[in-house]
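Please brief me on this protein model. Keep it short and group it by topic.

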Amino acid sequence: MLERIAQRVFAGIPFSWREPVIFRKTLAFLEESDRWSKDKIQEFQMRSAAAVIDHAFKTVPGYAKLFARAGVAPAHFQSLDDLRRFPFITKEILRDRPEDYVSSIIPRPKLHYTATGGATAVPFGFYWVRGYNIPIEKAFIFNLWKRVGYRIGEKTAVLRGAFVGNEEKKRFWRFNALTNETWFSSYHLTDRLIPVYLEKIRDSGIRFVQAYPSAAAIVAKFLQDHSEIRLPRLKGLFCGSENIFPGQRELIEKFWGCRVYSWYGHTESAILAGECENSNDYHCCPQYGITEIVDAQGKILTQEGAIGELVGTGFYGWATPFIRYRTRDLATLGKAFCKQCGRSHRTLSRIEGRFQELAVTAQGRLISMTAINMHTPVFDHVRQFQFVQERQGEIILKIAKKISYRDHDTQEIFRVINEKLGPDMKLLIAFTDQLEPTPSGKGRFLVQKLNTQQWLDRLTT
Ligand SMILES: [Zn+2]
């Protein structure tokens with residue numbers, strides 16, 4: 001399949017009519033390979049990684065140099081274990097020399113410029129193949145969503161940070177007939193408009209919602225306080241692109257009344273991992289790429305429960321290949337096989353979060369903010385909150401109050417959070433009306449103003 005797709009890319013035929021073909025073929029391939037045995041998966045990964053390594057070596061000057069410096073060539077890749085002999089590629093390298101990392105055989109007009117998300121610490125631009133990477137990406141995502149009953153073209157509501165509202169015309173959503181999606185403005189998640197949104201979802205017969213967890217959590221909090229509101233009958237709520245924090249999932253599932261389905265992915269297309277029908281563990285898609293977890297020295301971790309950095313090699317990045325790409329995201333290694341669904345997919349039991357979501361205590365201890373369970377009644381009178389760290393050993397909790405908030409709540413929050421942070425972290429509380437979203441509109445749990453990179457080594461060793 002991969003070679004067939006690769007041939008299509010390089011064939012030089014116009015792409016416009018191919019997009020749906022690539023999409024359908026990828027979907028069919030994913031269906032066929034969904035239950036592949038471990039051996040079959042390894043054989044496919046071996047072939048796919050070899051093709052990408054060979055392609056990068058021959059057509060991407062940056063990789064040719066990188067491999068030469070490390071003393072490796074495509075011929076050294078004889079088994080999946082040999083991947084560790086190849087050097088890592090980092091965000092800094094790609095940011096500083098972007099043109100060195102573009103394949104010379106993809107014609108210019110077929111290069112589609114894209115960039116990593118606005119909230120990342122080291123943003124950089126790179127290329128996809130026009131008319132190729134997007135349909136493949138879509139097919140992979142739909143294939144994940146299928147696990148919770150989604151069918152292509154089904155009506156969905158989207159609450160993902162896009163501003164579509166018009167305050168004067170009082171229009172806060174927009175319907176896209178092409179995708180059957182109704183986009184709601186998540187900048188207008190106010191007590192006045194949430195019921196209007198929910199009514200719209202109910203009346204449109206929408207069964208699935210795509211949302212940033214932070215947006216879904218705001219609505220869940222509202223529903224918690226308004227039991228009189230009739231809920232739409234939903235089948236699933238898709239949460240990608242942003243971490244779901246412990247407690248958030250329970251809150252959303254309870255008050256939206258449906259399964260939260262989450263996955264991990266990124267624009268760089270090196271790793272894709274999604275939950276299955278029966279478990280919340282992230283299953284690394286073996287048809288998408290090879291996922292490794294490494295410690296600060298770059299040593300591959302294999303033990304269940306180990307925390308390390310996610311490193312990915314994508315199988316479809318022909319324009320800008322990502323080979324052993326250090327994502328700077330941390331994850332906890334799960335099982336090599338999922339008992340709940342029977343797939344031979346490596347699982348991650350938790351995505352620990354971006355490095356910029358780690359807080360640093362006075363003694364240099366790192367706290368993964370995802371480990372702080374905020375699902376406690378002390379937050380019942382809080383509309384929204386966010387941590388900000390500007391100084392080592394000190395963290396500010398910004399709180400947007402509900403009307404029901406009392407002084408007593410502040411004391412309780414101090415007590416509960418201090419317990420979790422430990423004695424070497426000073427907690428300050430500040431009140432605000434509205435928390436700032438990131439430029440892309442995503443909510444952020446921690447705004448980290450320190451450079452946490454230097455503390456990473458201590459966490460992973
Ligand atoms: Zn499973």
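The points below cover the chain, the metal site and the nonpolar cores.

This is a predicted model: local features need pLDDT of at least 70, side-chain atom pairs count only at pLDDT 80 or more, and totals for chains, interfaces and linings use all residues. Residues are numbered from 1 along each chain as its sequence is written, and side-chain values use heavy atoms, with hydrogens and water left out.

**Chain**
- The protein chain has 11 helices and 20 strands (DSSP runs: H or I of at least four residues for helices, E of at least two for strands).
- Of its 461 residues, 56% are buried (under 20% relative accessible area, 1.4 Å probe, protein chains only).

**Zinc site**
- Cys276 (SG), His283 (NE2), Cys338 (SG) and Cys341 (SG) coordinate the zinc ion at 2.1 to 2.3 Å (donors are N, O and S atoms within 2.8 Å of the metal, or 3.2 Å for Na, K and Ca).
- The site is tetrahedral, with donor angles of 99 to 124° (four donors, all angles between 85 and 135 degrees).
- The donor spacing in sequence is C-x6-H-x54-C-x2-C.
- Cys276 and His283 are both buried.

**Nonpolar cores**
- The largest nonpolar core holds 71 residues, and Tyr63, Trp145 and Leu348 touch the most other members (a core is a set of buried Ala, Val, Leu, Ile, Met, Phe, Trp, Tyr and Cys residues joined through side-chain atoms within 4.5 Å).
- Helix α6 (residues 133-145) gives this core its largest share, seven residues.
- A second, separate core has 33 residues, including Ile194 and Leu234.

How values were computed. Four donors count as tetrahedral if all angles lie between 85 and 135 degrees; four count as square planar and six as octahedral if opposite donors are over 155 degrees apart and all others between 65 and 115; anything else is irregular. Buried means under 20% relative accessible area, exposed over 50%, partly exposed in between (1.4 Å probe, protein chains only).
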